[in-house]
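The sequence and structure are shown first, and the description follows.

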Amino acid sequence: MRIPRNAPVLLVAGVLTLAAALLASCSASLCRPWWALERNLEGQLVRIRGPRLASPEIVQVVIDDATLAEGLWFEQQEQIPSWAVGMGSLPWPRARYGDLLEPLIAAGADVVVLNVVFAGESVFGPADDKAFIAALEPHQQHLVLAAEMVEAEDQLGAGAISLLRPDAVDAAELDKLSLGLSNLFPPEHGARFLQPEFYATTLEQPLGHEALHSLPVAALEQAGRSLELDLDGQTLNFYGPEPEPIGMDGSCSTLGHGFLRLSAKNVINPRQWAVHPCRERVGGAVVLVGVVVSGGGSALGDLPSPFGDLSGMELLATSTANALTGDGLRAWPQSLPHRGAFVGLVVLLTLLLAFYRTDLGWRLGVLFACAGLWFVLGYGLMQHRHVWIPVLTPPVALVVGALLYGGEAYRRMSIKRRLTRRWLERCVDPSVVGPMLSDPSDMEALFDGKLKSVSVLFADLQGFTALTRQRSEQGRVRVHLEQLNHYLDEMRSVVWDHHGFLDKFIGDAVMAVFGLPDGRGESTEAQSAICCAMAMHERLVHMNCLWQSEGVEPLVNGIGIASGIVLAGGIGGRKLGGLSVIGDTVNLASRLEGLTRSLDQSILFDQRTSELAGEGFAIRSLGMQELKGIGRLEVYSLSKRG
């Protein structure tokens, strides 16, 4: 069964489409390295986008190193303000959070989220718990406290999930207090960082406790804000690197990116807070309060954030802002089968578009251009539509397709060049084939067709048809063919010795072209053609002596030469064609060869060849002669070599 010529290319398209679809539909647990590469590429696109301004409705108040340092300074003074007692180390007295809450509510904060799990009794005693509850009671409608899901193991190694929740919520005075889960689970290698609400809705809630939302959702619900639908399917869309707190001499109007972050030391201190430049920004905001200290274990390592490791507070702010504004990122398509089908369709259509034309430049251009455009599309959807499409698999498949297409084209070009070399070695001296093929583009251009100035030589044996019939009747076919092949081999050698191009054998006739593929000048080529004709005649005389000594009849040839413009190119069809020439000059050389019989001459040539030959030959005119199909022309011959 014959394999279609396009079968390898179609096979490549099918295999790449299937491979891309399977890879895109592979789960993160099975194809973890590939998913990690895709996440890294997504991170690169986010870095190209750069930091962006977050919602002004989200404000962070952090207990940072500067806050602890200021607390230590107050503790060394003789008189220490009540709001600074215990502020120099962690954990803080719970009453300090009440002192921090009061100025924020007074400044108009819509909701304050305390991202600290106040589980169990305070280490500072019952009085601290009472002070804490008293501080929360008047503002409980504007508060959200953190709870945490923890997994514990018993002595037998069995795991169980339990809920750590603040005891304060059980106080009768705090019946309107809201809770939210503070869990922020870093994703496994190769996965995206999903919204905390995903974990809140997928984890099994412990028996005996109400189902809790994540801390961001609880905060927005407490503030009466509307939420983006389908929050479970969102991944975090980061706003930039971890921001530095705005100090007393800072400006809130020049934030270039990220969230407004305040240091707790400037908020809890009444004198500083009264004149803080960002105090008005707290009005109507969702304020997140938490701990961010160096070496405090609050930073999540190996977080796939394009801007480096981010603290739990920054993640909480990011997820809250994403939920509020709806700019969290979504994977599309979401289901793995749909993802695989989508990627497979994109790859298949692009490969078929490249397959639409056969030239390599088109195919490589389409594939590489579409791969680049896919990155641009991925970036545009991420930036403007907050959507993640599979940004890695289709371009990789297209680049692999381009490499395979290029390899196939190189293989076909190598085969074509090898066949061309073999064909040329039958037409010219093999020693000059290499230089001819040093620049394949020149040969390609010549095969496409060029007008060339050449000298064409026709040499034909006289009376050979009758001799063939005679020897066939005598049963001397083998002798006949051996003599003919001997003659043709010798004529080929003579042509090559004079830098001629052996166009073809036409039975017992020899057609040679001088000036093809590369010309050395019209005069040089014409002189080479005349010298070749003389050498062919002399070689035949020598062969006749040899044949006569063996009892084989001699042969006689006639040679015609014409010089002029011909059309050179690939002639003979796609399968059997080769480099040849056509035109009036070719016809004239053939007619001159035929005229040698009636004029009893071995070599004849036209006026143009006579002019180009110069003074190196003894040339004589035979006058005007009638040439069939051409008319009357002056014909020339040689008397002797000058």
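A residue is called buried here when its relative accessible area is under 20%, and exposed when that area is over 50%.

## Overall make-up

The model described here is predicted. Its chain contains 20 helices and 18 strands, and buried residues account for 49% of its 642 residues. Of the contacts in the chain with a separation of 6 or more, 71% are between residues 24 or more positions apart.

Strands of a sheet pair through backbone hydrogen bonds, either parallel or antiparallel. Strand 2 runs parallel to strand 8 (residues 286-291), and four bridges join the two. Within this pairing, Val111 has Val286 of strand 8 as its bridge partner.

An open sheet of mixed pairing is formed by three strands, in the order 6-9-10. Strand 6 (234-235) and strand 10 (387-388) each have a single partner strand and stand at the edges, so one side of each is left without a neighbour in the sheet.

Strand 6 and strand 9 (residues 329-331) run antiparallel and are joined by two bridges. In this pairing, Gln234 stands opposite Arg330 of strand 9.

## Helix 12 and its two packing partners

Two packed helices are described by the angle between their axes and the distance between the axes. Helix 2 (residues 32-49) packs against helix 12 (residues 360-385) at an angle of about 65°, and their axes are 10 Å apart. Since angles of 65 to 115 degrees count as roughly perpendicular, helix 2 and helix 12 are therefore described as roughly perpendicular to each other. Their crossing is right-handed. Helix 2 contributes Leu41, Leu45, Val46, Ile48 and Arg49 to the contact, while helix 12 contributes Phe375, Tyr379, Met382 and Gln383. Sorted by class, the residues of this contact comprise seven nonpolar, one polar and one charged.

Helix 12 also packs with helix 11 (residues 336-355), where the axes come within 8 Å and cross at roughly 150°. This angle makes helix 11 roughly antiparallel to helix 12, and the crossing of these two helices is right-handed. On the side of helix 11 the contact is made by Phe342, Val346, Thr350, Leu351, Leu353, Ala354 and Phe355, and on the side of helix 12 by Trp362, Arg363, Val366, Leu367, Cys370 and Trp374. The residues in the contact of helix 11 with helix 12 are eleven nonpolar, one polar and one charged.

## An enclosed helix

How many of the eight residues of helix 7 are buried? Six of the eight residues in this helix (residues 215-222) are buried, so helix 7 is largely enclosed by the rest of the structure. The buried residues are Leu215, Pro216, Val217, Ala218, Ala219 and Leu220. Just after helix 7, Gly224 adopts a positive phi of about 75°.

## Backbone features in the loops

Most residues other than glycine have a negative phi, and most peptide bonds are trans. Against that background, the peptide bond from Leu90 to Pro91 is cis, with omega near 0°, and Pro91 lies in the loop between helix 3 (65-75) and helix 4 (94-106). Another cis peptide bond joins Trp332 and Pro333, with an omega of about -5°; Pro333 is in the loop between strand 9 and helix 11.

His499, although not a glycine, has a positive phi of about 60°, and its place is in the loop between helix 17 (477-497) and strand 12 (501-506). The relative accessibility of His499 is 53%, so this residue counts as exposed. Asp600, likewise not a glycine, has a positive phi of about 50° and is located in the loop between helix 19 (584-599) and strand 16 (603-605). With a relative accessibility of 69%, Asp600 counts as exposed.

Note on methods:
Residues are numbered from 1 along each chain as its sequence is written. This is a predicted model: local features need pLDDT of at least 70, side-chain atom pairs count only at pLDDT 80 or more; totals for chains, interfaces and linings use all residues. Side-chain values use heavy atoms; hydrogens and water are left out. Two strands pair if DSSP finds at least two bridges between them. Axes are lines fitted to C-alpha atoms, for helices over the stretch in contact, and angles run from 0 to 180 degrees between N-to-C directions. Angles under 35 degrees count as roughly parallel, over 145 as roughly antiparallel, 65 to 115 as roughly perpendicular and the rest as oblique. A crossing is left-handed if the near helix is turned anticlockwise from the far one by less than a right angle, and right-handed if clockwise. Contact means heavy atoms within 4.5 Å. Ala, Val, Leu, Ile, Met, Phe, Trp, Tyr, Cys and Pro count as nonpolar, Asp, Glu, Lys and Arg as charged, and the others, Gly among them, as polar. Buried means under 20% relative accessible area, exposed over 50%, partly exposed in between (1.4 Å probe, protein chains only).
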